[in-house]
Amino acid sequence: MTPPTGGERPRVLTGIRPTGSLHLGHYGGALENWLKLQHEYECFFLIADYQVSDYADKIDEVRGWVMEVATDWLSVGLDPEISHFAIESLIPEHAELTTWLSWWVPMGRLQRNPTLKAEMDDLGESVPVAFFTYPVMQVANILMPRAHLVPVGEDQLPHIEMTREVARRFNKLFGEGEEIFPVPKGLVGRVPRLVGIDGPDAKMSKSKNNAIWLKDDAETVTKKVKSMYTDPTRLRATDPGHVEGNPVFMYHDAFNPDEDEVNDLKERYRLGTVGDVEVKEKLAAALNTMMDPWRERRAHFEAHPELVREALAKGTAHYRSVAQETMVDVRRALKLNYLD
Ligand code: TRP
């Protein structure tokens with residue numbers, strides 16, 4: 001069996017479903033890590049279109065979102081020259097591996113998966129079979145390039161745990177003493193859970209309409225920050241305010257690199273010697289400083305959509321060749337050579 005990396009860089013696989021543009025929650029929870037990892041690891045970034053639950057109703061939108069997600073990746077600085085951007089369904093080996101792996105995932109294991117449970121509650125009455133089993137496809141995604149590390153949002157950790165179990169089980173059942181799949185580790189970002197601009201109770205998300213998008217221009221970001229939920233108990237700038245649980249300060253902690261400024265604002269907020277306006281202005285300025293280089297890159301890729309397409313085409317082709325190598329080993333391990 002070929003070793004996973006043959007002395008090359010260890011591998012990262014991670015993915016995102018193409019269900020919309022990406023926001024600051026994606027950045028702090030995942031993308032920021034991806035940016036760092038792409039220099040140490042060989043990275044496979046997957047757009048998981050097989051796993052869009054309402055694909056049938058949204059084909060045209062999903063087509064657009066595939067390009068938007070790739071554009072978001074390029075804008076923050078992911079580099080298709082050193083990493084592989086790929087579209088899941090154009091690598092149908094995923095479907096084959098998922099079919100096999102499904103036999104070694106107990107039903108109860110999926111029923112107990114907390115992330116899946118929560119998502120199914122949101123879906124309500126009619127849960128498609130493929131939704132129930134999507135974590136198995138995610139396992140197949142991770143095992144396909146034989147990834148060692150999976151940088152994800154916190155909610156994805158139950159799926160990584162399952163991947164580790166399946167990898168161990170597969171190796172034990174079919175490896176004949178060899179490791180067919182490395183047992184991968186999850187890696188959660190610096191900001192595991194970013195609240196929305198509308199208050200501390202909900203995560204930033206598309207459905208809640210409480211997001212700052214990576215593609216928002218400076219004016220939009222400033223406007224959104226001005227409208228942010230702060231401390232509801234504070235009526236005047238001279239009232240002592242609450243820093244803990246205050247989304248504006250959570251964002252300062254997450255994204256303002258000037259610690260002295262943040263500490264000074266917190267101190268004055270607690271004393272009632274700074275107004276919400278100043279705290280928000282400084283947050284908007286910090287966010288816009290972080291986002292300006294993204295905007296510049298985005299303008300370039302929006303003017304040259306063929307570059308986005310090329311990045312996906314090149315990455316997908318490479319990913320597919322890696323997937324085919326893996327499947328040779330999987331088929332051999334499963335003794336599918338009936339007719340040889
Ligand atoms: N399920 C992940 C999400 O909803 C997306 C995803 C698909 C993924 N395949 C993956 C993440 C493989 C990590 C590894 O965000």
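Q: Is Ala 70 to be read as buried or exposed?
A: Accessibility is classed by relative accessible area: under 20% is buried, over 50% is exposed, and values in between are partly exposed (1.4 Å probe, protein chains only). Ala 70 counts as buried because its relative accessibility is 0%. The model is a predicted one, in which local features need pLDDT of at least 70 and side-chain atom pairs pLDDT 80 or more, while totals for chains, interfaces and linings use all residues. Residues are numbered from 1 along each chain as its sequence is written, and side-chain values use heavy atoms, without hydrogens or water.

Q: In which helix is the place of Ala 70?
A: Helices (H or I, at least four residues) and strands (E, at least two) are DSSP runs, numbered from the N terminus. Ala 70 belongs to helix H2, residues 59–76.

Q: How far apart in space are Arg 331 and Asp 201?
A: Here the C-alpha to C-alpha distance is 48 Å, with a sequence separation of 130 residues. Arg 331 is found in helix H12 (residues 305–333). Its relative accessible area is 34%, so Arg 331 is classed as partly exposed.

Q: Which side chain makes a polar contact with the side chain of Gln 38?
A: A polar contact is a pair of N or O atoms within 3.5 Å; within protein, one must be able to donate a hydrogen and the other to accept it, and residues adjacent in sequence count only if both atoms are side-chain atoms. The partner is Ser 83, at 3.3 Å. A polar atom of the Gln 38 side chain also lies 3.2 Å from the backbone oxygen of Gly 77. Gln 38 sits in helix H1 (residues 24–40) and is buried, at 2% relative accessible area.

Q: To which strand do bridges join E1?
A: Two strands pair if DSSP finds at least two bridges between them. E1 and strand E2 (residues 42–47) run parallel and are joined by 6 bridges, with Arg 11 opposite Glu 42 in E2. The chain passes from E1 through H1 to E2 in a right-handed β-α-β crossover (right-handed meaning that, with the strands pointing away from the viewer, the path from the first strand over the helix to the second runs clockwise). E1 is largely enclosed by the rest of the structure, because 5 of its 6 residues are buried.

Q: Which residues cover the faces of E4?
A: Leu 149 and Pro 151 on one side, and Val 150 and Val 152 on the other, are all buried. E4 pairs with strand E5 (residues 185–188) in the parallel sense over 4 bridges, where Val 150 has Gly 186 as its bridge partner. From E4 the chain crosses through helix H7 (residues 157–174) to E5, again as a right-handed β-α-β crossover.

Q: Which of the residues around the ligand come nearest?
A: A residue is near a molecule if one of its heavy atoms lies within 4 Å of it. Of the 14 residues around the ligand, the nearest are Gly 15, Arg 17, Gln 138, Asn 141 and Gln 156. A polar side-chain atom of Gln 138 lies 2.8 Å from a ligand nitrogen, and one of Gln 156 lies 3.0 Å from a nitrogen atom of the ligand. Strand E1 (11–16), helix H6 (129–143) and strand E4 (149–152) each give two or more residues to the shell.
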